[in-house]
Structure formats: C-alpha cells, structure tokens
Amino acid sequence: MPEIEIVLCEPLYEGNIGFAARVMKNFGFYNLTLINPPDIGDEARARSSHARDVLENARHVTSLDEVIEKSNILVATTGGLSKTVTHAMRMPYYEPSELRDMIKDIEGRVSTIFGRENWGLSNEEIMKCDIICTIPTSPEYPIVNISHAVGVIVYELANIPRGTYPMASRIEVDAFYDHLDRFLDTINHPDYKRENTLTMMRRIFGRTNLTIREVSTMHGILRRTEQLILRDEFENEKTDNEE
C-alpha cells in the first residue's frame, strides 16, 4: 500500500498529538511527523494510551520543506475552500473517500498535512501541496478537532491494497514544475497570472500521480516546444536583418 504519513503542522496542544497517535494506531498507521510541536509530556502519553510507540517514534522536523523532501504526494487538509474555480489555491478539493481512490494504486509516500488548531494551514503551505482534501462537515458547526480529523482520514485510508506502480520522486516532480515556470518565461506568460497558473498546474498534475516516465515525457514536450520557439525567433530575426 502507499506509505501514509500523518503530518501535524505546528500543533498547539500535546493532548491532541496523543489522541492523533491513538487513532492512527486504531487503523494501522504508524508514521507520524510533527512540525514544531509543543513539548511532549505526560498528557500526550496518557492520551495516546496503547499507541505510545507511535507517539515516541514520531519524526520531529522544523519546517514543511523537510516533509516535502521525502514525499511523493502532499495532501493539504483544510476547511477553508475557494469559492470558485478561478481561485486555484484551495480548489479543486476532494473528500477523504475520494482521496482513497486517487492514491490506492501507487507506491510512494503520501503525506497528509493537518494545520494548526487555531488557524489551519497558510496559503503558502497549501500552495506547496498537490491535493486539497476537506471533511464534509455540517455548516452549522464545521470546526473539527485535529485528532478527530486525523481519525476521519485514517479510517478512509485504512487497508488500501498494495500499490501497483512507483511514482516519480519529489525531486523529479519539483524539477518538472521548475521547468514549467521557465517555460512560462519562454512564452511570455503575464507575470500577474504566474502564481495562479503554477498553482493550477500543481493541482492538475498533483492528482494524476505522475510516474518517472510521464515526467520525462513532459520534460521532452516542453524542451521540443522551447526549441521550436527559439528556432522561429531566430528565423524571424534573420529575415528582418536581411531586409
């Protein structure tokens, strides 16, 4: 099955960390990563109950970038969604059951990121993610405790069969996004549209689970297009000089 990693981004309360570890183990998940957590003490250990091993073996990091380095897919969980498709930052979004279908056939690390208890994930953090996932809560009371949110996600992702094909690595995928960025320069894409365009490209390709061969093919298409554009520019310049 995909390697599911649960990431708590700067959690405020150690008790929630303990509860998250407990519900993870309930559904067979052991990979917990904590970004700048509070001190882990007796409360967290008590809340984790028989999942103290998950808590004590959690990976501690100082930034989301350290998570990105080891991941193939980054899933941002959020209740704050874009209102229309013209705002790509938090759109399109998927429910946890849909996320299961999107990742079930891959081999690689899927990092599901949960934001802070008081204000969730920032736009900058969400921009770095490939897939947006939201829990369909009641509009009368949409706020979910972070450990409950972890519980919903791991319930939906439990017992996924082993993946059937390896994904491109994070380094390979990020190199492709960098190439897309340079390509936008080549075609004189307007600067004011750049950020939104790149975010949409990340959303599109993030949910396709790119393989190594697919990334290589996309690089080839971009390079060939760049070569043709440069050739045409050279020919036009040559013609102008001859005239």
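A crossing of two helices is called right-handed if the near helix is turned clockwise from the far one by less than a right angle. That term comes up in the first view of this predicted model.

**View 1. How helices α1 and α7 pack.** Here we're looking at α1, which spans residues 14-26, alongside α7, which spans residues 146-157. Angles under 35 degrees count as roughly parallel, so that's the label α1 and α7 get. As for handedness, α1 goes past α7 in a right-handed crossing.

**View 2. Who touches whom between α1 and α7.** Zooming in on the contact, α1 brings Asn16, Phe19, Ala20, Val23 and Met24. From α7 come Ile146, Ser147, Val150, Gly151 and Val154. Sort the α1–α7 contact by class and you get 7 nonpolar residues, 3 polar ones and no charged ones.

**View 3. Cys129 and its closest cysteine.** A disulfide calls for two cysteine sulfur atoms within 2.5 Å. The closest cysteine sulfur to that of Cys129 belongs to Cys9 and lies 9.3 Å away, so the gap is too far for a bond. Cys129 is also buried, at 1% relative accessible area.

**View 4. Cys133, another cysteine without a disulfide.** Cys133 takes part in no disulfide either, and its nearest cysteine sulfur, the one in Cys129, is 11 Å off. Is Cys133 buried or exposed? Its relative accessible area is 1%, so Cys133 is buried.

Terms used:
Residues are numbered from 1 along each chain as its sequence is written. This is a predicted model: local features need pLDDT of at least 70, side-chain atom pairs count only at pLDDT 80 or more; totals for chains, interfaces and linings use all residues. Side-chain values use heavy atoms; hydrogens and water are left out. Axes are lines fitted to C-alpha atoms, for helices over the stretch in contact, and angles run from 0 to 180 degrees between N-to-C directions. Helices (H or I, at least four residues) and strands (E, at least two) are DSSP runs, numbered from the N terminus. Angles under 35 degrees count as roughly parallel, over 145 as roughly antiparallel, 65 to 115 as roughly perpendicular and the rest as oblique. Contact means heavy atoms within 4.5 Å. Ala, Val, Leu, Ile, Met, Phe, Trp, Tyr, Cys and Pro count as nonpolar, Asp, Glu, Lys and Arg as charged, and the others, Gly among them, as polar. Buried means under 20% relative accessible area, exposed over 50%, partly exposed in between (1.4 Å probe, protein chains only).
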